[in-house]
Amino acid sequence: MRAVEIQEYGGPEVLRVVEAEVPVPGPGQVSIDVAYTGVNFADLKARAEGYRVPALPFVPGLEVSGRVRALGAGVTGLAVGQEVAALTQGGAYADVVVADAVTVFPLPSGVDLRTGATLPTVLPTAYALIHTVGRLQPGETVLVQGAAGGVGTVLGQLASAAGAGAVHGVVSSAAKAEYAREHGYDEVFVTSSTTPSASFAKEVREATDGRGVDLALDPVGGETLRASLDSLAPFGRLVSFGNASGAQPWQVGQPDLYPLALSVSGFSILTLAQTAPTELRALTERAFRTVVDGVVSLPVTAEFALPDAAEAHRLMGTRTSTGKLLLRTHGADGATDLA
């Protein structure tokens, strides 16, 4: 089978197409003939700096859709040939991938394989940030960093559907701002290379008559996280769900929290998959229902053949992309002719 692997860290050019053995599922695992693979910023960090890479060579990729190829010992509730979406710990840039059965989800009726590939990381993450961790209440205001990205696109829709009083977003260009407004955002602030990313805090205060927001959601870290904290209203809540800036681990203490009785929490779907997979499964099933019910949709804005994974990385690396990027394999047309 084909796989796209990293043999050294670097730019998109280090992604190499290789021939690999078809993986066999172990106990509690499932192998999947991949139809589509979601491209995530974590994949770029893995390629460039070894984020969550146990050893080289390494095949990146955290989410797929496809058809069950084989079941490992002890797996129940799934069947060979069944259409599924899955969260993986890597290895998804390939024609076949192995995943733990607890993170393999039958696709709901009416959800096709292309749509299914957009769901495993983005949708449960966004659902958790709004409902489970963020605990948004009707009438509360929300601030989202990266409002035009995959998670940001879903966050705007979920917050609006949950009855948010106002949904504010932060993006890096006017084009992204227009996109975000089409997906649930009431007001969008634009930062650029000449406008420090942390400058949005003043704009948020002005937009909320000095009060600030009730819930801030930050995947960036560093100065942006500190500015998100500064954007909170009394009793406000900040949820960190990434560190795209690559800044040193942040610390928040009593001097930051006591004056306005603020709260800070965190969420990582990849970590939760390892530490609490049963809870993640329940969360994911609730999140998937929002797609079936028409509450949210995540546009696929670019699609690449598996051997063109480097082009997908180049596009995402420009920070100009919106929505979701996918890789397409042979399995997208139903073919399962691998040895």
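Predicted model: local features only at pLDDT ≥ 70, side-chain atom pairs only at ≥ 80, totals over all residues.
Visitor: Is Arg319 buried, partly exposed or exposed?
Guide: Buried needs under 20% relative accessible area, and exposed needs over 50%. Arg319 has a relative accessible area of 46%, so Arg319 is partly exposed.

Visitor: What is the phi of Arg319, which is not a glycine?
Guide: Most residues other than glycine have a negative phi. Arg319 is not a glycine, yet its phi is positive. The value is about 60°.

Visitor: What is the phi of Ala261, which is not a glycine either?
Guide: Ala261 lies in the loop between α8 (254-257) and β13 (263-266). With a relative accessible area of 37%, Ala261 is partly exposed. Ala261 is not a glycine, but its phi is positive, at about 55°.

Visitor: Is the peptide bond from Leu56 to Pro57 cis or trans?
Guide: Pro57 lies in the loop between α1 and β4. Most peptide bonds are trans. From Leu56 to Pro57, omega is near -5°, and the bond is cis.

Visitor: At what angle do helix α1 and helix α11 pack?
Guide: Helix α1 covers residues 41-49, and helix α11 covers residues 309-317. Their axes are 10 Å apart. The two helices pack at an angle of about 105°.

Visitor: How are α1 and α11 set to each other, roughly parallel or roughly perpendicular?
Guide: The packing angle of α1 and α11 is about 105°. Angles of 65 to 115 degrees count as roughly perpendicular. Therefore α1 and α11 are roughly perpendicular.

Visitor: Which residues in α11 meet Phe41, Asp43, Leu44 and Arg47 in α1?
Guide: By class, the contact of α1 with α11 has three nonpolar, two polar and two charged residues. On the α1 side stand Phe41, Asp43, Leu44 and Arg47. In α11 they meet His313, Met316 and Gly317.

Visitor: Over the ring of which residue does the charged end of Lys45 sit?
Guide: The charged end of Lys45 is 5.7 Å from the centre of a ring. That ring belongs to Tyr51.

Visitor: What is the geometry of the aromatic pair formed by Phe105 and Phe288, stacked or edge-to-face?
Guide: The structure holds one aromatic pair. Phe105 and Phe288 form it at 5.7 Å centre to centre, with 70° between the planes. Planes over 60 degrees apart count as edge-to-face. The geometry of Phe105 with Phe288 is edge-to-face.

Visitor: How many residues apart are Phe105 and Phe288?
Guide: Phe105 is buried, as is Phe288. Phe105 is in strand β7 (residues 104-106), and Phe288 is in helix α10 (residues 277-292). The pair links distant parts of the chain, 183 residues apart.

Visitor: Which residues does Thr284 touch, not counting residues up to four places away in sequence?
Guide: Thr284 lies in helix α10. At 1% relative accessibility, Thr284 is buried. Beyond four places in sequence, Thr284 touches Phe105 and Pro124.

Visitor: Which residues are in contact with Val68, leaving aside its neighbours within four places in sequence?
Guide: Val68 is in strand β4 (residues 63-71). Its relative accessibility is 2%, so Val68 counts as buried. Leaving aside neighbours within four places in sequence, Val68 is in contact with Val30, Ser31, Ala79, Val80, Gly81, Gln82 and Val84.

Visitor: How far apart in space are Gly81 and Arg67, C-alpha to C-alpha?
Guide: Gly81 sits in the loop between β4 and β5 (83-87). Not counting residues up to four places away in sequence, Gly81 touches Arg67 and Val68. Gly81 and Arg67 are 14 residues apart in sequence, and their C-alpha separation is 5.1 Å.

Visitor: Which residues is Tyr179 in contact with, leaving aside its neighbours within four places in sequence?
Guide: Tyr179 lies in helix α5 (residues 174-181). Its relative accessible area is 11%, so Tyr179 is buried. Leaving aside neighbours within four places in sequence, Tyr179 is in contact with Ala148, Thr153, Pro299, Thr322 and Gly323.

How values were computed
Residues numbered from 1 in each chain as written. Heavy atoms only, no water. Phe/Tyr/Trp six-rings, centres within 6.5 Å; stacked < 30°, edge-to-face > 60°. Helix = DSSP H or I, 4+ residues; strand = E, 2+ residues; numbered from the N terminus. Buried < 20%, exposed > 50% of the residue type's maximum accessible area, 1.4 Å probe, protein only. Lys NZ or Arg CZ within 6 Å of the ring centre and 35° of its normal. Axes fitted to C-alpha atoms, helices over the stretch in contact; angles between N-to-C directions. Parallel < 35°, antiparallel > 145°, perpendicular 65-115°, else oblique. Contact = heavy atoms within 4.5 Å. Nonpolar A, V, L, I, M, F, W, Y, C, P; charged D, E, K, R; others polar.
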